[in-house]
Amino acid sequence: MSEERSGASILVESLVAQGVEFVFGYPGGAVLPIYDALFGDARIRHILVRHEAGAAHAAEGYARSTGKPGVVLVTSGPGATNAVTGIADAFMDSIPLVVITGQVPTGLIGSDAFQEADTVGITRHCTKHNYLVKDPSELAAIVDEAFQIATTGRPGPVVIDIPKDVQIALASWTAGPPQRPIRYNPPTTGASRDIARAIELLANAKAPIFYTGGGVINSGPRAAELLRELQEKTGAPLTSTLMGLGAFPADHPDWLGMLGMHGTYEANMAMNRADLIVAIGARFDDRVTGRLDAFSPHSTKIHIDIDRASINKTVPVDLPILGDCALVLEQLIEAWGSRKAQDLTEWKARIDGWRARKSLAYPVNKHAIMPQLAIERLFELTRAKDPIIATEVGQHQMWAAQYFHFFGPNKWLTSGGLGTMGYGLPAAIGAQLGNPDSLVIDIAGDASIQMNIQELGTATQFRLPVKVFVLNNEWMGMVRQWQELTYESRYSESYSDSLPDFVKLAEAYGWKGIRIESEADLDAGIQAMIDHPGPVIVDCLVAKEANCFPMIPSGAAHTDMILYGDEVAGTMDDAAKALV
Amino acid sequence: MMKIKHEASERHVLTITVDNEAGILAKIAGLFTARGYNIDSLTVADITENHAVSRITIVTHGPPAVIDQIHAQLDRLVPVHKVVDLTEAGPHVERELALVKVAGTGDARVEALRLADVFRAKVVDTTTSSFVFELTGTPDKIDRFVSLMRELGLVEVGRTGVVGMMRGAEAA
């Protein structure tokens with residue numbers, strides 16, 4: 001039976017119908033009708049952030065840690081533009097978000113009205129799709145389609161811009177799934193001929209390697225199980241991108257660690273020397289490939305991806321398989337049948353040779369805590385709790401990727417593609433809401449944490465026991481590291497001057513603050529953080545000059561890694577400097 | 001010293017059928033600028049009775065790998081139904097319409113009219129000292145006509161850009 005409802009009310013019903021538990025948002029003039037419709041509605045919990053960027057990142061953290069879409073609600077103009085960084089971040093890292101933005105009333109659009117911004121125009125190229133809703137009668141179908149687009153195929157953010165008059169105007173509404181044409185049909189299973197060819201290549205490879213990415217996580221926990229099964233059948237070693245960490249257990253003997261710019265020596269060497277690369281849900285990002293013309297020169301390449309545009313984008317592949325990771329892995333396992341794995345003894349012996357370089361080794365420091373050690377201790381002391389780890393962006397992020405180890409999907413939240421400082425704290429908040437019983441830790445740097453530090457208040461308000469572990473070296477460490485490598489240590493603006501007292505700051509927000517100043521206090525400090533039932537900031541003072549190695553410098557090949565102890569200071573030619 | 005490198009490129013004609021919704025043209029044109037692709041010409045008009053679907057023809061150029069990316073990037077836009085690379089797909093026709101204004105008197109005027117006849121251009125407006133010619137053909141034919149008119153008092157040119165279609169009985 002249909003009834004007359006306001007646009008705002010139809011929106012709320014549509015969100016409930018999608019199973020939305022949380023909306024991350026911030027009110028303002030152009031969304032007041034929606035906030036009024038949410039008032040007193042116990043079906044949806046609104047999480048009030050302190051800045052709209054925080055709303056978008058919190059929704060990302062929720063989505064990444066639960067596999068469900070994150071929902072954001074912000075006002076027009078600055079509300080929408082503040083959310084854009086999070087939307088762009090979700091677009092790069094394929095995170096399903098539905099972002100609802102208020103807009104000035106239809107009649108005022110284009111008049112430079114108060115808090116007007118062309119949200120649909122601004123978000124056009126950082127969303128998977130976006131809508132400007134002109135009539136409340138379209139809303140139910142649009143919301144339904146938006147969730148389908150955000151969550152299927154290669155996931156991503158979808159923006160629904162709703163003018164204020166459309167929120168207020170009435171339209172007829174009927175309970176139940178809205179009638180709409182299905183116009184988005186992403187690929188699902190791979191073509192059987194391609195599957196057969198892939199199996200033939202896998203079965204005959206002498207030096208195969210799996211190179212897996214965030215697509216395996218996005219495909220759901222089943223994909224991670226299937227990945228392990230296929231790996232067991234074939235015996236091929238496995239490396240992963242930053243976004244793919246957790247899809248394969250880090251204690252497995254065939255785990256090579258992360259690959260790429262700050263990946264392990266064994267992972268990068270194995271990629272370079274492999275005769276077959278099976279890329280699964282990874283997109284050959286420049287941080288992974290290093291110098292393109294030297295990238296894995298002798299390998300046949302199979303690329304399994306749901307996004308046709310990711311295939312042959314930077315690296316030409318021999319066998320593309322379009323489809324969902326889990327479904328294609330299932331097909332591959334079935335097609336493998338009862339074959340015997342190749343004898344890969346020789347290949348694995350070569351890999352052991354590269355492992356023996358111990359590329360993650362770092363020097364002992366008697367005077368200060370090495371940041372790598374801090375992460376190792378954090379990992380050891382929290383391991384039994386199977387924590388969810390968020391990060392900001394910079395050296396601490398790479399150290400976390402290298403020295404924290406993951407054993408299952410959806411435990412690792414980081415901004416990979418866009419590299420957004422300020423992602424981690426709000427992402428941890430979103431993850432804690434979606435996983436109330438988990439230990440959620442944001443591993444941060446002293447510079448990054450300040451980019452969305454206002455969200456400390458959000459955690460306080462919603463009684464979220466998130467932990468922030470700051471590796472404080474008083475630098476924008478990754479910037480300083482690049483200046484050391486590329487610009488003869490001219491440290492232009494990379495010093496973190498006038499840092500706040502993080503312990504006092506924590507206390508000001510009602511958090512607990514802990515400072516760790518020496519290695520002797522490290523374990524006790526971490527344990528005190530774990531044991532405290534509420535939110536905690538740990539200000540861990542670390543060796544200021546430590547750098548993040550191994551590293552493939554800008555413009556270099558996988559085989560040209562710098563390890564700790566190599567002479568690195570100096571300058572680079574212009575072509576290398578011009579690379580990102 | 002670092003120099004910016006340029007790669008050899010080829011010309012391709014793409015036809016794109018899309019939902020006729022607000023912002024679709026901006027989305028497609030913006031995709032080209034955002035990813036650094038080239039647009040040589042772009043035409044768009046709705047092609048269905050209920051005005052629900054439009055057909056866009058884009059002439060672009062780029063290295064083969066870039067052309068393939070353009071195809072894939074267009075294909076993944078939600079309102080895009082179908083992308084056909086006519087250049088890749090095989091024999092096809094390309095047509096463009098131009099309006100060409102030429103002013104002059106005496107021999108130049110006579111010669112312009114005579115050449116227009118050779119090119120099968122129609123006179124759609126005239127004064128005692130000017131013509132507006134309407135000409136349909138391949139972009140190349142129009143280029144040649146315009147270049148001849150340049151010597152005979154060319155005032156103004158308007159071109160629609162290319163529309164294209166596969167030869168034969170089937171839809172592309």
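User: In which loop of chain A is Ser296(A) found, and is Ser296(A) buried or exposed?
Analyst: In this predicted model, Ser296(A) belongs to the loop that runs between helix H12 (286-289) and strand S13 (300-305) of chain A. Its phi is positive, about 35°, although the residue is not a glycine. Most residues other than glycine have a negative phi. Because 24 other C-beta atoms lie within 10 Å of Ser296(A), the residue counts as buried.

User: Phi of Asp386(A) is positive too; is Asp386(A) buried or exposed?
Analyst: Asp386(A) is a residue other than glycine with phi near 50°, and it sits in the loop between H15 and strand S15 (388-391) of chain A. Since Asp386(A) has 12 C-beta neighbours inside 10 Å, and 12 or fewer is the cut-off, this residue counts as exposed.

User: Which residues does the cis peptide bond join, and in which loop does Pro550(A) lie?
Analyst: Most peptide bonds are trans. The bond that joins Phe549(A) and Pro550(A), however, is cis, with omega about 0°. Pro550(A) lies in the loop between S20 and helix H22 (574-577) of chain A.

User: What is the strand order of the open sheet of 6 strands in chain A, and which are its edge strands?
Analyst: The pairing in this open sheet is parallel, and the order is S11-S10-S9-S12-S13-S14 (chain A). The twist averages 15° from one strand to the next. Strands that pair on one side only are the edges, and here they are strand S11 (255-258) and strand S14 (319-322) of chain A.

User: Which residue of S14(A) does Ile304(A) stand opposite?
Analyst: S13(A) and S14(A) pair in the parallel sense over 4 bridges. Within S14(A), the residue opposite Ile304(A) is Ile321(A).

User: Which strands does helix H8 of chain A lie across, and at what angle does it run to S14(A)?
Analyst: Helix H8 (residues 192-204) lies across strand S9 (208-212), strand S12 (276-280), S13 and S14 of chain A. Relative to S14(A), the helix runs at about 130°.

User: Why do the buried residues of H21(A) lie on the same side of the helix, and what covers them?
Analyst: Helix H21 (residues 519-531) of chain A has 13 residues and reaches 19 Å from its first C-alpha to its last, close to the 18 Å expected. Leu522(A), Gly525(A), Ile526(A) and Met529(A) are buried in this helix, and they lie on the same side of H21(A) because they cover an arc of only 100° around the axis. On the other side, Ala520(A), Ala524(A) and Asp531(A) are exposed. The cover over the buried residues includes helix H15 (371-382), strand S18 (467-472), strand S19 (512-516) and strand S20 (536-541) of chain A.

User: Which helix gives the largest share of the side of chain B that touches chain A?
Analyst: The contact takes 16 residues from chain B and 17 residues from chain A. On the side of chain B, the elements giving two or more residues are helix H1 (24-34) and helix H2 (64-75). By class, that side has 8 nonpolar, 4 polar and 4 charged residues. Its largest share is 6 residues, and these come from H2(B).

Key. Residues are numbered from 1 along each chain as its sequence is written. Chains are lettered from A and ligands numbered from 1 in the order in which they are written. This is a predicted model: local features need pLDDT of at least 70, side-chain atom pairs count only at pLDDT 80 or more; totals for chains, interfaces and linings use all residues. The expected span of a helix is 1.5 Å times one less than its number of residues. A residue is buried if 20 or more other C-beta atoms lie within 10 Å of its own, exposed if 12 or fewer, and partly exposed in between; C-beta atoms are placed from the backbone. The arc is that of the directions from the helix axis to the C-beta atoms. Two residues are in contact if their C-beta atoms, placed from the backbone, lie within 7 Å. Ala, Val, Leu, Ile, Met, Phe, Trp, Tyr, Cys and Pro count as nonpolar, Asp, Glu, Lys and Arg as charged, and the others, Gly among them, as polar. Two strands pair if DSSP finds at least two bridges between them. Axes are lines fitted to C-alpha atoms, for helices over the stretch in contact, and angles run from 0 to 180 degrees between N-to-C directions.
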